[in-house]
Amino acid sequence: MRILAVDIGTTHVKAGCLDPEGRLRRRAVRALPLLRDETGRAEHDPEALWDAFVAAAREALGEEAPAVRGLILSAYQLGLLPVDAQGRPLMGLMTLLDTRPRETFSGLLARLDGAALYARTGCPPLFHYPLAKLEWLRARRPEIFRAARWFLGAKEYLLLRLLGKPFTEPSLATATQLMDRRTLRWDPELLAAVDLSADRLPEVVAPEARLGPLRPEAAAALGLPPEVEVIAGVYDGGAMGLGLGALAPGVGVMNLGTTAMIRTIATQPVLDHSPRMRLQTYALLPGRWFPGGALNNAGIVRQWLQEAVLQLNDVEAEALAEATGGPTGLLFFPFLTGEREPGIGPMASGVIFGLRVHHGRGHLIRAAMEGVAFALRRLLEALRENGLRPNRLRAGGGGARSPLWMRILASVLATPIEVPEIPDPSLLGSAMLAWKALGVLPDLPEHPPETPVAVYPPVEEWVPAYAEQFARFQAVLANLEAAFQHGGSSEAHHLTMGGAHEPL
């Protein structure tokens, strides 16, 4: 028996064929181009998404297709795609990195109380959420807004093509800023704020829901038997958390991919008690929530620096950063696409502070990794201040393959970082959920299958240097926040007038 698990990320589609013991039999990856321009657009072409999904799935299946019992998907949050009554996309899929909703966000906030919005949804008042994307569509693309039968994310769109009907589940629905976290129902007042009715959103089902067999044409495209069942699943970060062992007591999980997160399991939603609203809390499984924080800017910062500025590949960049020998003293504020903490704000941009003539390319690469680590430390401290104190930290994602980045993180957080040698934790987490849904597993295991774990302890001599550097990071950021907000006002006007640009 096999499960086909597919993970939709912002830059890649990954697929894996797994057995009930959690072994990854075959794995495939396809690039997913991000369509960007000077307006702040950051979209996926829905047809390219489907093609990458099908190609990755078929390669991962190989000769295993006849043994597949279930198909389960995970995908990134905060996407929005309007489709017509036939399921045809009316534009590109707006990803979490799309900054165009900044243009209309202030008008939306003028009608909604930000603190009340946070209390009701668990999502801070930021333009990244689908609520703000809907407001932008309503104001800037009214013909598309009116023509849309459904508004979907990446996973919901694929489920529509697989099943003929769109579905979503709580880990994605609670990240739309349209759901009341107390009832887990679409919120009528928030829907009314953007002239929306609940029937234009997908049906919400449990993550273990068995949604039925594939449409014949979808089964043929994937090379699967038509009786294969589709399981709802959870979002990509939640699937990674399950694969890394987040259900075990005291475990905090980090994803270090294009974006990043640090989260831990709780039995109820946890909001930031401070007015900074640093935490987001999403439903994960029945009776299990996944509070924590996320960064828009993680691997994307290093990728931008390597490719757009320094013209380096990963191996060259890692070697140059290693050669610096220790903490750079530079402060790299990695907010290239704004950030999800209201205090920093959606208008934030990247800043490098403290450059001297002796700094070279390696210092810049390492400073970018340090900056992401400092931003994650801010989120870990927010968790601790709100009563969530994970005593173990496990990491996954592409950044976890960098030993230097792991040593930097361990030293900045003053906590060992565990990296299980699992080829893809998100695929494993989804597969475990599918096996439970199909009755093969009696319950979700607290620990993933036995696997070697690489442990990166803090580098003793780096810890005090990074503690001092983090204190400076916090102090300079406190001053930058005012500059971001001041610059944001003029930028918002600039965007409204039509002369947009990407923040750098």
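This report describes selected helices, loops and residues of a predicted model.

## Basis of the model

The model is predicted, so local features need pLDDT of at least 70 and side-chain atom pairs count only at pLDDT 80 or more, while totals for chains, interfaces and linings use all residues. Residues are numbered from 1 along each chain as its sequence is written, and side-chain values use heavy atoms, with hydrogens and water left out.

Helices (H or I, at least four residues) and strands (E, at least two) are DSSP runs, numbered from the N terminus. Helix α13 covers residues 361-385. The expected span of a helix is 1.5 Å times one less than its number of residues. For the 25 residues of α13 this gives 36 Å, and the end C-alpha atoms are 36 Å apart, which agrees. Of these 25 residues, 20 are buried, so α13 is mostly covered (buried means under 20% relative accessible area, exposed over 50%, and partly exposed in between, with a 1.4 Å probe and protein chains only).

Arginine 366 is a residue of α13 and counts as buried at 1% relative accessibility. Contact means heavy atoms within 4.5 Å. Neighbours within four places in sequence aside, arginine 366 is in contact with Ala321, Thr324, Gly325, Gly326, Pro327, Thr328, Leu404, Ile408, Trp462 and Tyr466.

## Threonine 328

One of the contacts of arginine 366 is Thr328, which lies in the loop between α12 (314-322) and β21 (331-333). Threonine 328 is buried, with a relative accessible area of 12%. With neighbours within four places in sequence left aside, threonine 328 is in contact with His359, His363, Arg366, Ala367, Glu370 and Gln469. Threonine 328 and glutamate 370 are 42 residues apart in sequence, and their C-alpha atoms are 8.5 Å apart in space.

The buried residues are Ala154, Lys155, Glu156, Tyr157, Leu158, Leu159, Leu160, Leu162 and Leu163. Just after α6, glycine 164 has a positive phi of about 90 degrees.

Two packed helices are described by the angle between their axes and the distance between the axes. Axes are lines fitted to C-alpha atoms, for helices over the stretch in contact, and angles run from 0 to 180 degrees between N-to-C directions. The axes of α1 (residues 46-61) and α6 come within 11 Å and cross at roughly 70 degrees. That makes α1 roughly perpendicular to α6 (angles under 35 degrees count as roughly parallel, over 145 as roughly antiparallel, 65 to 115 as roughly perpendicular and the rest as oblique). On the α1 side, Pro46, Glu47, Leu49, Trp50 and Phe53 meet Ala154, Tyr157, Leu158, Arg161 and Leu162 of α6. By class, this contact has eight nonpolar, no polar and two charged residues (Ala, Val, Leu, Ile, Met, Phe, Trp, Tyr, Cys and Pro count as nonpolar, Asp, Glu, Lys and Arg as charged, and the others, Gly among them, as polar).

## Lysine 165

Lysine 165 sits in the loop between α6 (154-163) and β10 (167-168). Its relative accessible area is 38%, so lysine 165 is partly exposed. Aside from neighbours within four places in sequence, lysine 165 is in contact with Leu159, Leu160 and Glu203. Arginine 41 is 124 residues away along the chain, and the C-alpha atoms of lysine 165 and arginine 41 are separated by 28 Å.

## Helices α10 and α15

The axes of α10 (residues 236-244) and α15 (residues 425-437) come within 6 Å and cross at roughly 85 degrees. That makes α10 roughly perpendicular to α15. In α10, Asp236, Ala239, Met240, Leu242, Gly243 and Leu244 meet Pro425, Ser426, Leu428, Gly429, Ser430 and Met432 in α15. The contact of α10 with α15 has seven nonpolar, four polar and one charged residues.

Most residues other than glycine have a negative phi. Glutamine 177 is not a glycine but has a positive phi of about 65 degrees. Glutamine 177 lies in the loop between α7 (170-173) and β11 (179-180) and is buried, with a relative accessible area of 1%.

Alanine 414 also has a positive phi, near 55 degrees. Alanine 414 is in the loop between α14 (403-413) and β24 (417-420) and is partly exposed, with a relative accessible area of 49%.

## Cysteines

A disulfide is a pair of cysteine sulfur atoms within 2.5 Å. A search of the whole structure finds zero disulfides. Cysteine 17 is buried, with a relative accessible area of 0%, and cysteine 123 is buried, also at 0%.
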